[in-house]
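Me: Can you go through a structure with me? I'll ask as things come up.

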Amino acid sequence: MSILKRVCVIGAGSSGIVAAKSLQQQGVPFDCFELGSGVGGVWRYDNDSGLSPAYRSLHINTSRQRMCFSDFPMPADYPDFPHHSLILRYFENYVDHFDIRRNIRFRTRVESVRPLVDGCWEVTTRQGESPSITTRYQAVIVANGHHWKPRWPNFAGEFRGRVMHSHEYRTPDDYQGQRVVVVGIGNSGCDIACELSRAADRVFLSTRRGAHVIPKYLLGKPLDHLAPSWMWRYLPFRVFQRLFEAALRISRGKLKRYGLPQPEHRILEEHPTISSDLFNQLGHGEISIKPQLTRLDHDHVEFSDGSREQVDTIIYATGYDIAFPFLRQDLLDTSDNSVRLYRRVVHPNYHNLFFVGLIQPWGAIMPLAEEQSLWVAEMLAGASGLPAQAVMDQEMDDYARKLQKRYASSPRHTIQVDFYAYLDEIRKERRLGRRYPALRLPKLIDSDAARAA
(Lines give C-alpha, C1' and ligand atoms only; values in the text may rest on other atoms or scores of the structure.)
Protein backbone atom coordinates (compact mmCIF):
# COMPACT_ATOMS: atom_id res chain seq x y z
CA MET A 1 0.00 0.00 0.00
CA SER A 2 1.45 3.37 -1.02
CA ILE A 3 1.31 6.43 1.20
CA LEU A 4 -1.02 9.24 0.13
CA LYS A 5 0.34 12.80 0.36
CA ARG A 6 -0.84 16.19 -0.82
CA VAL A 7 1.20 17.61 -3.71
CA CYS A 8 4.18 16.51 -5.79
CA VAL A 9 6.33 19.22 -7.43
CA ILE A 10 8.65 18.04 -10.21
CA GLY A 11 11.76 20.15 -10.68
CA ALA A 12 13.65 22.70 -8.55
CA GLY A 13 14.58 25.18 -11.22
CA SER A 14 13.19 28.70 -11.24
CA SER A 15 9.61 27.50 -11.75
CA GLY A 16 9.78 24.63 -9.28
CA ILE A 17 11.11 26.70 -6.41
CA VAL A 18 8.47 29.40 -6.77
CA ALA A 19 5.76 26.71 -6.97
CA ALA A 20 7.15 25.18 -3.77
CA LYS A 21 7.31 28.54 -2.02
CA SER A 22 3.70 29.36 -3.02
CA LEU A 23 2.44 26.03 -1.68
CA GLN A 24 4.35 26.54 1.56
CA GLN A 25 2.83 29.98 2.09
CA GLN A 26 -0.65 28.53 1.57
CA GLY A 27 0.05 25.78 4.09
CA VAL A 28 -0.19 23.00 1.48
CA PRO A 29 2.20 20.09 2.23
CA PHE A 30 4.34 19.02 -0.70
CA ASP A 31 7.37 17.06 -1.86
CA CYS A 32 9.66 18.57 -4.48
CA PHE A 33 11.86 16.25 -6.56
CA GLU A 34 14.99 17.46 -8.36
CA LEU A 35 17.22 15.32 -10.57
CA GLY A 36 20.33 17.39 -9.88
CA SER A 37 22.13 17.96 -6.59
CA GLY A 38 21.15 21.64 -6.33
CA VAL A 39 18.49 24.16 -7.28
CA GLY A 40 18.62 26.37 -10.34
CA GLY A 41 17.84 24.04 -13.24
CA VAL A 42 19.14 25.51 -16.49
CA TRP A 43 20.93 28.27 -14.57
CA ARG A 44 23.27 25.82 -12.82
CA TYR A 45 26.34 25.61 -15.05
CA ASP A 46 27.37 21.98 -15.65
CA ASN A 47 24.39 20.84 -13.62
CA ASP A 48 24.94 17.20 -12.67
CA SER A 49 21.38 16.52 -13.82
CA GLY A 50 22.86 16.63 -17.32
CA LEU A 51 19.97 18.78 -18.51
CA SER A 52 21.30 22.34 -18.31
CA PRO A 53 22.25 24.06 -21.59
CA ALA A 54 24.10 26.92 -19.84
CA TYR A 55 27.43 27.87 -21.41
CA ARG A 56 30.23 29.54 -19.48
CA SER A 57 29.62 33.06 -20.81
CA LEU A 58 25.81 32.99 -20.54
CA HIS A 59 24.07 36.18 -19.35
CA ILE A 60 20.36 36.82 -19.09
CA ASN A 61 18.72 38.73 -21.93
CA THR A 62 15.96 40.30 -19.84
CA SER A 63 16.90 42.82 -17.18
CA ARG A 64 17.28 41.83 -13.54
CA GLN A 65 14.48 44.23 -12.54
CA ARG A 66 12.00 42.42 -14.81
CA MET A 67 13.28 38.92 -14.11
CA CYS A 68 13.11 38.77 -10.31
CA PHE A 69 10.28 37.45 -8.15
CA SER A 70 7.93 40.07 -6.72
CA ASP A 71 8.83 39.58 -3.05
CA PHE A 72 12.56 38.97 -3.46
CA PRO A 73 14.34 41.58 -5.63
CA MET A 74 17.78 40.92 -7.06
CA PRO A 75 20.59 42.80 -5.32
CA ALA A 76 20.94 46.41 -6.43
CA ASP A 77 24.63 45.88 -7.20
CA TYR A 78 23.81 43.27 -9.86
CA PRO A 79 24.36 44.57 -13.42
CA ASP A 80 21.41 45.06 -15.76
CA PHE A 81 22.04 41.66 -17.40
CA PRO A 82 23.72 39.39 -14.81
CA HIS A 83 25.92 36.38 -15.52
CA HIS A 84 24.41 32.94 -14.91
CA SER A 85 26.47 32.52 -11.72
CA LEU A 86 24.74 35.55 -10.18
CA ILE A 87 21.32 34.22 -11.20
CA LEU A 88 22.11 30.90 -9.53
CA ARG A 89 23.21 32.72 -6.38
CA TYR A 90 19.91 34.58 -6.41
CA PHE A 91 17.95 31.31 -6.59
CA GLU A 92 20.05 29.78 -3.82
CA ASN A 93 19.34 32.78 -1.61
CA TYR A 94 15.65 32.59 -2.50
CA VAL A 95 15.19 28.99 -1.33
CA ASP A 96 17.12 29.67 1.86
CA HIS A 97 15.26 32.90 2.62
CA PHE A 98 11.88 31.16 2.31
CA ASP A 99 13.13 27.90 3.90
CA ILE A 100 12.19 25.74 0.92
CA ARG A 101 15.29 23.56 0.69
CA ARG A 102 14.18 21.16 3.44
CA ASN A 103 11.29 19.98 1.24
CA ILE A 104 13.41 19.32 -1.87
CA ARG A 105 14.69 15.81 -2.49
CA PHE A 106 17.81 16.17 -4.62
CA ARG A 107 19.38 13.57 -6.91
CA THR A 108 15.92 12.08 -7.38
CA ARG A 109 14.49 11.08 -10.74
CA VAL A 110 10.75 11.00 -11.34
CA GLU A 111 10.26 7.81 -13.33
CA SER A 112 6.52 7.87 -13.87
CA VAL A 113 3.39 9.84 -13.03
CA ARG A 114 0.17 7.87 -13.50
CA PRO A 115 -3.48 8.76 -12.85
CA LEU A 116 -5.45 6.45 -10.57
CA VAL A 117 -9.13 5.60 -10.74
CA ASP A 118 -9.80 7.40 -7.46
CA GLY A 119 -8.46 10.69 -8.91
CA CYS A 120 -5.06 10.56 -7.24
CA TRP A 121 -1.67 10.35 -8.93
CA GLU A 122 0.83 7.55 -8.47
CA VAL A 123 4.36 8.98 -8.62
CA THR A 124 7.35 6.66 -8.84
CA THR A 125 10.75 8.11 -7.94
CA ARG A 126 14.28 6.80 -7.60
CA GLN A 127 17.09 8.43 -5.62
CA GLY A 128 20.47 7.44 -7.01
CA GLU A 129 20.85 3.66 -7.06
CA SER A 130 18.22 3.09 -4.37
CA PRO A 131 15.09 1.08 -5.13
CA SER A 132 12.16 2.95 -6.65
CA ILE A 133 9.55 4.41 -4.32
CA THR A 134 5.88 4.87 -5.24
CA THR A 135 3.76 7.50 -3.52
CA ARG A 136 0.19 8.62 -4.12
CA TYR A 137 -0.51 12.35 -4.33
CA GLN A 138 -3.66 14.44 -4.52
CA ALA A 139 -2.10 16.69 -7.16
CA VAL A 140 1.02 17.06 -9.29
CA ILE A 141 2.78 20.24 -10.42
CA VAL A 142 5.15 19.74 -13.37
CA ALA A 143 7.90 22.39 -13.37
CA ASN A 144 10.83 20.64 -15.02
CA GLY A 145 11.25 23.13 -17.87
CA HIS A 146 11.31 22.77 -21.64
CA HIS A 147 14.92 23.52 -22.58
CA TRP A 148 16.49 20.13 -22.01
CA LYS A 149 15.59 17.84 -24.95
CA PRO A 150 17.47 19.08 -28.07
CA ARG A 151 15.64 19.23 -31.38
CA TRP A 152 17.81 17.82 -34.14
CA PRO A 153 17.35 18.69 -37.84
CA ASN A 154 17.78 16.09 -40.54
CA PHE A 155 19.89 16.95 -43.59
CA ALA A 156 20.81 14.79 -46.56
CA GLY A 157 24.33 13.45 -46.79
CA GLU A 158 27.02 12.61 -44.24
CA PHE A 159 29.45 14.71 -42.25
CA ARG A 160 32.78 13.43 -40.93
CA GLY A 161 33.54 16.27 -38.56
CA ARG A 162 32.11 17.08 -35.16
CA VAL A 163 28.32 17.47 -34.91
CA MET A 164 26.70 18.78 -31.75
CA HIS A 165 23.70 20.64 -30.43
CA SER A 166 24.00 24.00 -28.69
CA HIS A 167 22.80 22.17 -25.56
CA GLU A 168 26.29 20.61 -25.34
CA TYR A 169 28.27 23.80 -25.92
CA ARG A 170 30.18 25.17 -22.93
CA THR A 171 33.30 27.16 -23.91
CA PRO A 172 35.17 28.24 -27.07
CA ASP A 173 38.40 26.61 -25.90
CA ASP A 174 38.22 23.57 -28.20
CA TYR A 175 37.55 25.52 -31.40
CA GLN A 176 40.82 27.38 -31.90
CA GLY A 177 41.66 27.45 -35.60
CA GLN A 178 38.48 25.64 -36.64
CA ARG A 179 35.88 26.51 -39.23
CA VAL A 180 32.47 26.28 -37.59
CA VAL A 181 28.91 26.61 -38.85
CA VAL A 182 26.21 27.47 -36.31
CA VAL A 183 22.72 26.57 -37.54
CA GLY A 184 19.98 28.77 -36.11
CA ILE A 185 19.66 32.48 -35.43
CA GLY A 186 17.90 32.32 -32.08
CA ASN A 187 19.42 33.58 -28.85
CA SER A 188 21.76 30.65 -28.26
CA GLY A 189 22.85 30.54 -31.90
CA CYS A 190 23.78 34.22 -31.89
CA ASP A 191 25.58 34.03 -28.53
CA ILE A 192 27.62 30.97 -29.52
CA ALA A 193 28.49 32.31 -32.98
CA CYS A 194 29.68 35.60 -31.47
CA GLU A 195 31.80 33.87 -28.85
CA LEU A 196 33.34 31.43 -31.33
CA SER A 197 34.14 34.24 -33.75
CA ARG A 198 36.85 35.34 -31.30
CA ALA A 199 38.45 31.89 -31.18
CA ALA A 200 37.69 29.97 -34.36
CA ASP A 201 39.35 30.57 -37.71
CA ARG A 202 35.99 31.18 -39.42
CA VAL A 203 32.38 31.19 -38.24
CA PHE A 204 29.29 30.86 -40.43
CA LEU A 205 25.80 31.55 -39.06
CA SER A 206 23.13 29.74 -41.08
CA THR A 207 19.45 30.70 -40.93
CA ARG A 208 16.51 29.36 -42.91
CA ARG A 209 14.67 32.66 -42.54
CA GLY A 210 15.35 36.17 -41.29
CA ALA A 211 14.92 37.21 -37.68
CA HIS A 212 14.38 40.58 -36.04
CA VAL A 213 17.58 40.71 -34.01
CA ILE A 214 17.14 43.22 -31.19
CA PRO A 215 19.98 44.80 -29.17
CA LYS A 216 19.84 44.54 -25.37
CA TYR A 217 19.76 48.33 -25.10
CA LEU A 218 17.45 50.57 -27.08
CA LEU A 219 17.79 54.36 -26.86
CA GLY A 220 20.08 53.97 -23.87
CA LYS A 221 17.76 51.74 -21.83
CA PRO A 222 17.54 47.99 -21.30
CA LEU A 223 15.17 46.64 -23.93
CA ASP A 224 12.41 45.74 -21.48
CA HIS A 225 12.57 49.20 -19.85
CA LEU A 226 11.92 51.12 -23.06
CA ALA A 227 8.13 50.89 -23.16
CA PRO A 228 6.10 51.39 -19.96
CA SER A 229 3.72 48.60 -19.02
CA TRP A 230 0.63 50.61 -20.01
CA MET A 231 1.82 50.67 -23.63
CA TRP A 232 2.12 46.88 -23.71
CA ARG A 233 -1.26 46.52 -22.00
CA TYR A 234 -3.49 49.12 -23.61
CA LEU A 235 -2.17 50.23 -26.97
CA PRO A 236 -3.70 48.39 -29.93
CA PHE A 237 -1.28 45.71 -31.06
CA ARG A 238 -0.66 47.19 -34.52
CA VAL A 239 0.01 50.65 -33.04
CA PHE A 240 2.51 49.27 -30.54
CA GLN A 241 4.10 47.16 -33.28
CA ARG A 242 4.69 50.26 -35.43
CA LEU A 243 6.17 52.17 -32.48
CA PHE A 244 8.51 49.26 -31.73
CA GLU A 245 9.59 49.12 -35.36
CA ALA A 246 10.31 52.85 -35.33
CA ALA A 247 12.45 52.56 -32.18
CA LEU A 248 14.44 49.74 -33.79
CA ARG A 249 15.05 51.72 -36.98
CA ILE A 250 16.37 54.65 -34.95
CA SER A 251 18.49 52.62 -32.55
CA ARG A 252 19.68 49.75 -34.75
CA GLY A 253 19.09 50.65 -38.36
CA LYS A 254 18.10 48.21 -41.09
CA LEU A 255 19.08 44.55 -40.83
CA LYS A 256 20.39 44.43 -44.40
CA ARG A 257 23.02 46.98 -43.36
CA TYR A 258 24.64 44.12 -41.39
CA GLY A 259 24.16 41.51 -44.09
CA LEU A 260 21.20 39.88 -42.32
CA PRO A 261 18.24 38.70 -44.41
CA GLN A 262 15.05 40.71 -44.07
CA PRO A 263 12.40 38.67 -42.20
CA GLU A 264 9.15 37.91 -44.00
CA HIS A 265 7.24 38.62 -40.78
CA ARG A 266 7.09 41.79 -38.71
CA ILE A 267 8.49 42.47 -35.25
CA LEU A 268 6.47 40.90 -32.38
CA GLU A 269 5.40 38.06 -34.70
CA GLU A 270 8.20 35.76 -33.53
CA HIS A 271 10.02 34.99 -30.31
CA PRO A 272 12.69 37.70 -29.94
CA THR A 273 16.34 37.15 -30.79
CA ILE A 274 18.26 39.51 -28.51
CA SER A 275 21.91 40.25 -29.20
CA SER A 276 24.00 43.41 -29.24
CA ASP A 277 27.24 41.57 -29.96
CA LEU A 278 26.08 40.11 -33.26
CA PHE A 279 26.01 43.50 -34.98
CA ASN A 280 29.59 44.24 -33.92
CA GLN A 281 30.91 40.87 -35.06
CA LEU A 282 29.12 41.14 -38.38
CA GLY A 283 30.52 44.62 -38.83
CA HIS A 284 34.01 43.34 -38.03
CA GLY A 285 33.65 40.59 -40.63
CA GLU A 286 34.13 37.92 -37.96
CA ILE A 287 30.85 36.13 -38.79
CA SER A 288 29.51 35.26 -42.24
CA ILE A 289 25.74 34.95 -42.67
CA LYS A 290 24.60 31.97 -44.74
CA PRO A 291 21.12 30.85 -45.85
CA GLN A 292 19.60 27.52 -44.92
CA LEU A 293 21.92 24.54 -44.76
CA THR A 294 20.69 21.90 -47.21
CA ARG A 295 23.27 19.12 -47.47
CA LEU A 296 26.23 17.55 -45.70
CA ASP A 297 29.17 16.37 -47.80
CA HIS A 298 31.94 14.77 -45.70
CA ASP A 299 33.98 17.83 -44.62
CA HIS A 300 31.81 20.37 -46.49
CA VAL A 301 28.31 21.75 -46.07
CA GLU A 302 26.05 23.12 -48.78
CA PHE A 303 23.57 25.99 -48.47
CA SER A 304 20.36 26.85 -50.30
CA ASP A 305 22.10 29.48 -52.44
CA GLY A 306 24.39 26.79 -53.87
CA SER A 307 27.48 27.84 -51.91
CA ARG A 308 29.73 25.29 -50.19
CA GLU A 309 32.04 25.69 -47.24
CA GLN A 310 34.62 23.40 -45.70
CA VAL A 311 33.96 23.18 -41.95
CA ASP A 312 35.26 21.21 -38.98
CA THR A 313 32.25 21.47 -36.67
CA ILE A 314 28.49 21.89 -37.01
CA ILE A 315 26.58 23.28 -34.01
CA TYR A 316 22.81 22.98 -34.26
CA ALA A 317 21.15 25.79 -32.30
CA THR A 318 17.78 24.48 -33.42
CA GLY A 319 15.77 24.63 -30.23
CA TYR A 320 14.13 22.03 -28.04
CA ASP A 321 11.28 19.57 -28.08
CA ILE A 322 8.70 19.70 -25.31
CA ALA A 323 8.73 16.34 -23.56
CA PHE A 324 7.67 14.74 -20.29
CA PRO A 325 9.19 11.25 -20.15
CA PHE A 326 7.39 10.43 -16.91
CA LEU A 327 3.95 11.01 -18.49
CA ARG A 328 2.31 8.72 -21.01
CA GLN A 329 1.94 10.33 -24.42
CA ASP A 330 -1.82 9.78 -24.33
CA LEU A 331 -2.02 11.88 -21.16
CA LEU A 332 -0.41 14.91 -22.78
CA ASP A 333 0.30 14.86 -26.49
CA THR A 334 3.47 16.83 -27.29
CA SER A 335 4.11 15.33 -30.72
CA ASP A 336 3.73 18.67 -32.53
CA ASN A 337 5.65 20.50 -29.77
CA SER A 338 2.49 22.10 -28.48
CA VAL A 339 0.37 21.36 -25.43
CA ARG A 340 -3.30 21.94 -24.74
CA LEU A 341 -3.68 23.43 -21.27
CA TYR A 342 -6.17 25.82 -19.74
CA ARG A 343 -4.41 29.18 -19.36
CA ARG A 344 -1.19 27.27 -20.16
CA VAL A 345 -1.38 25.68 -16.68
CA VAL A 346 -4.26 23.24 -16.05
CA HIS A 347 -4.63 19.89 -17.81
CA PRO A 348 -7.99 19.89 -19.64
CA ASN A 349 -9.02 16.43 -18.39
CA TYR A 350 -7.14 16.12 -15.10
CA HIS A 351 -7.74 19.29 -13.12
CA ASN A 352 -5.25 18.29 -10.41
CA LEU A 353 -2.35 18.14 -12.89
CA PHE A 354 -0.65 21.51 -13.36
CA PHE A 355 2.24 22.86 -15.41
CA VAL A 356 4.25 25.85 -14.19
CA GLY A 357 6.68 27.67 -16.48
CA LEU A 358 5.58 25.86 -19.66
CA ILE A 359 5.46 29.12 -21.62
CA GLN A 360 7.72 31.11 -23.92
CA PRO A 361 7.19 34.79 -23.12
CA TRP A 362 8.07 38.06 -24.73
CA GLY A 363 9.86 39.01 -21.51
CA ALA A 364 11.04 37.20 -18.40
CA ILE A 365 9.47 33.90 -17.39
CA MET A 366 10.04 34.08 -13.59
CA PRO A 367 7.31 36.60 -12.66
CA LEU A 368 4.84 34.70 -14.85
CA ALA A 369 5.73 31.36 -13.23
CA GLU A 370 5.25 33.09 -9.87
CA GLU A 371 1.74 34.22 -10.81
CA GLN A 372 0.91 30.75 -12.12
CA SER A 373 2.17 29.25 -8.85
CA LEU A 374 0.09 31.59 -6.70
CA TRP A 375 -3.01 30.61 -8.67
CA VAL A 376 -2.30 26.88 -8.40
CA ALA A 377 -1.51 27.14 -4.67
CA GLU A 378 -4.82 28.92 -4.05
CA MET A 379 -6.69 26.17 -5.86
CA LEU A 380 -4.89 23.45 -3.91
CA ALA A 381 -5.57 25.28 -0.65
CA GLY A 382 -9.31 25.23 -1.42
CA ALA A 383 -9.57 29.00 -1.93
CA SER A 384 -10.19 28.93 -5.68
CA GLY A 385 -11.73 26.83 -8.41
CA LEU A 386 -12.10 26.48 -12.17
CA PRO A 387 -14.88 27.51 -14.57
CA ALA A 388 -17.10 25.07 -16.44
CA GLN A 389 -15.38 22.68 -18.84
CA ALA A 390 -16.98 24.38 -21.85
CA VAL A 391 -15.43 27.69 -20.82
CA MET A 392 -11.99 26.09 -20.50
CA ASP A 393 -12.32 24.36 -23.86
CA GLN A 394 -13.25 27.64 -25.52
CA GLU A 395 -10.24 29.42 -23.99
CA MET A 396 -7.85 26.76 -25.25
CA ASP A 397 -9.34 26.91 -28.74
CA ASP A 398 -9.10 30.72 -28.77
CA TYR A 399 -5.46 30.62 -27.69
CA ALA A 400 -4.55 28.19 -30.49
CA ARG A 401 -6.24 30.43 -33.08
CA LYS A 402 -4.48 33.55 -31.78
CA LEU A 403 -1.10 31.84 -31.96
CA GLN A 404 -1.71 30.76 -35.53
CA LYS A 405 -2.80 34.26 -36.54
CA ARG A 406 -0.03 36.16 -34.76
CA TYR A 407 3.17 34.14 -35.08
CA ALA A 408 5.25 32.66 -37.85
CA SER A 409 4.61 28.93 -38.14
CA SER A 410 7.38 27.23 -36.14
CA PRO A 411 7.83 24.78 -33.24
CA ARG A 412 9.43 27.79 -31.53
CA HIS A 413 6.04 29.52 -31.19
CA THR A 414 3.73 26.83 -29.80
CA ILE A 415 3.68 28.14 -26.19
CA GLN A 416 4.23 31.84 -26.80
CA VAL A 417 2.74 34.54 -24.54
CA ASP A 418 3.10 38.30 -24.11
CA PHE A 419 4.45 39.22 -20.68
CA TYR A 420 1.96 41.83 -19.46
CA ALA A 421 -1.08 40.41 -21.24
CA TYR A 422 -0.46 36.97 -19.75
CA LEU A 423 0.35 38.38 -16.30
CA ASP A 424 -3.01 40.17 -16.31
CA GLU A 425 -4.72 37.05 -17.64
CA ILE A 426 -3.60 34.91 -14.71
CA ARG A 427 -4.33 37.64 -12.18
CA LYS A 428 -7.86 37.90 -13.56
CA GLU A 429 -8.21 34.13 -13.38
CA ARG A 430 -7.16 34.23 -9.72
CA ARG A 431 -9.87 36.81 -8.97
CA LEU A 432 -12.55 34.90 -10.86
CA GLY A 433 -11.46 31.62 -9.32
CA ARG A 434 -12.54 32.79 -5.87
CA ARG A 435 -16.13 32.90 -7.14
CA TYR A 436 -16.08 29.36 -8.49
CA PRO A 437 -16.65 26.26 -6.36
CA ALA A 438 -13.39 25.13 -4.75
CA LEU A 439 -11.30 22.72 -6.73
CA ARG A 440 -12.34 19.15 -5.94
CA LEU A 441 -9.39 17.01 -4.94
CA PRO A 442 -9.34 13.27 -4.18
CA LYS A 443 -9.96 12.49 -0.55
CA LEU A 444 -7.00 11.76 1.71
CA ILE A 445 -7.88 8.10 2.03
CA ASP A 446 -5.37 5.36 1.28
CA SER A 447 -6.96 2.39 -0.43
CA ASP A 448 -5.83 -0.92 -1.89
CA ALA A 449 -8.55 -0.45 -4.49
CA ALA A 450 -6.75 2.49 -6.14
CA ARG A 451 -5.24 1.15 -9.35
CA ALA A 452 -3.62 2.80 -12.36
CA ALA A 453 -6.10 4.12 -14.90
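This is a predicted model: local features need pLDDT of at least 70, side-chain atom pairs count only at pLDDT 80 or more; totals for chains, interfaces and linings use all residues.

Me: Overall first. What does the secondary structure of the chain come to?
Reply: The chain has ten helices and 22 strands.

Me: How much of the chain is buried?
Reply: Buried residues are 55% of the 453.

Me: What about contacts between residues at least 6 apart in sequence, how many of those join residues at least 24 apart?
Reply: That share is 68% in this chain.

Me: OK, helix α6. What should it span, and what does it span?
Reply: Helix α6 covers residues 237-251, which is 15 residues.

Me: Which residues of α6 are buried?
Reply: Phe240, Gln241, Phe244, Glu245, Ala247 and Leu248. Seen down the helix axis they fall within an arc of 160°, so they line one face of α6.

Me: What do the buried residues pack against, and what is exposed on the other side?
Reply: They pack against β11 (213-214), β12 (217-218), α5 (229-234) and β21 (360-362). On the other side of α6, Arg249 and Ile250 are exposed.

Me: What follows α6?
Reply: Gly253, with a positive phi near 85°.

Me: Back to Phe240. Which residues is it in contact with, leaving aside neighbours within four places in sequence?
Reply: Phe240 is in contact with Ala227, Met231, Trp232, Leu235 and Leu268. The relative accessible area of Phe240 is 7%, so Phe240 counts as buried.

Me: Trp232 is in that list. How do the rings of Trp232 and Phe240 sit?
Reply: The structure holds 24 aromatic pairs. In the pair of Trp232 and Phe240 the ring centres are 4.4 Å apart and the planes are at 50°, so the pair is tilted. Stacked would need an angle under 30 degrees, and edge-to-face one over 60.

Me: Is Trp232 buried or partly exposed?
Reply: Partly exposed, because its relative accessibility is 25% and buried means under 20%.

Me: Which residues form an aromatic cluster?
Reply: Phe69, Phe72, Tyr90, Phe91, Tyr94 and Phe98 form one. The charged end of Lys21 sits over the ring of Phe98, 4.8 Å from the ring centre.

Me: What lies over the face of Tyr399?
Reply: Arg344, at 3.7 Å from the ring centre.

Me: What does Ser14 touch, not counting residues up to four places away?
Reply: Ser14 touches Phe69, Phe91 and Met366. Phe69 and Phe91 belong to the aromatic cluster. Ser14 itself is in helix α1 (residues 14-25) and is buried, at 12% relative accessible area.

Me: Switching to strands. Where is Leu353?
Reply: Leu353 is in strand β20 (residues 353-355). Its relative accessible area is 0%, so Leu353 is buried. Not counting residues up to four places away, Leu353 touches Trp121, Val140, Val142, Val345, Val346 and His347.

Me: And how far apart are Leu353 and Ile141, in sequence and in space?
Reply: They are 212 residues apart in sequence and 6.1 Å apart in space, C-alpha to C-alpha.

Me: Last topic, backbone. What is phi of Arg107, and where does Arg107 sit?
Reply: Phi of Arg107 is near 55°, positive in a residue other than glycine. Arg107 is in the loop between β3 (104-105) and β4 (108-115), and at 53% relative accessibility Arg107 counts as exposed.

Me: And phi of Leu219?
Reply: Phi of Leu219 is also positive, near 55°. Leu219 lies in the loop between β12 and β13 (221-222). With a relative accessible area of 49%, Leu219 is partly exposed, because exposed means over 50%.

Conventions: Residues are numbered from 1 along each chain as its sequence is written. Side-chain values use heavy atoms; hydrogens and water are left out. Rings of Phe, Tyr and Trp (its six-membered ring) pair if their centres lie within 6.5 Å; planes under 30 degrees apart count as stacked, over 60 as edge-to-face and the rest as tilted. Buried means under 20% relative accessible area, exposed over 50%, partly exposed in between (1.4 Å probe, protein chains only). A charge sits over a ring if NZ of Lys or CZ of Arg is within 6 Å of the ring centre and within 35 degrees of the ring normal. Helices (H or I, at least four residues) and strands (E, at least two) are DSSP runs, numbered from the N terminus. The expected span of a helix is 1.5 Å times one less than its number of residues. The arc is that of the directions from the helix axis to the C-beta atoms. Contact means heavy atoms within 4.5 Å.
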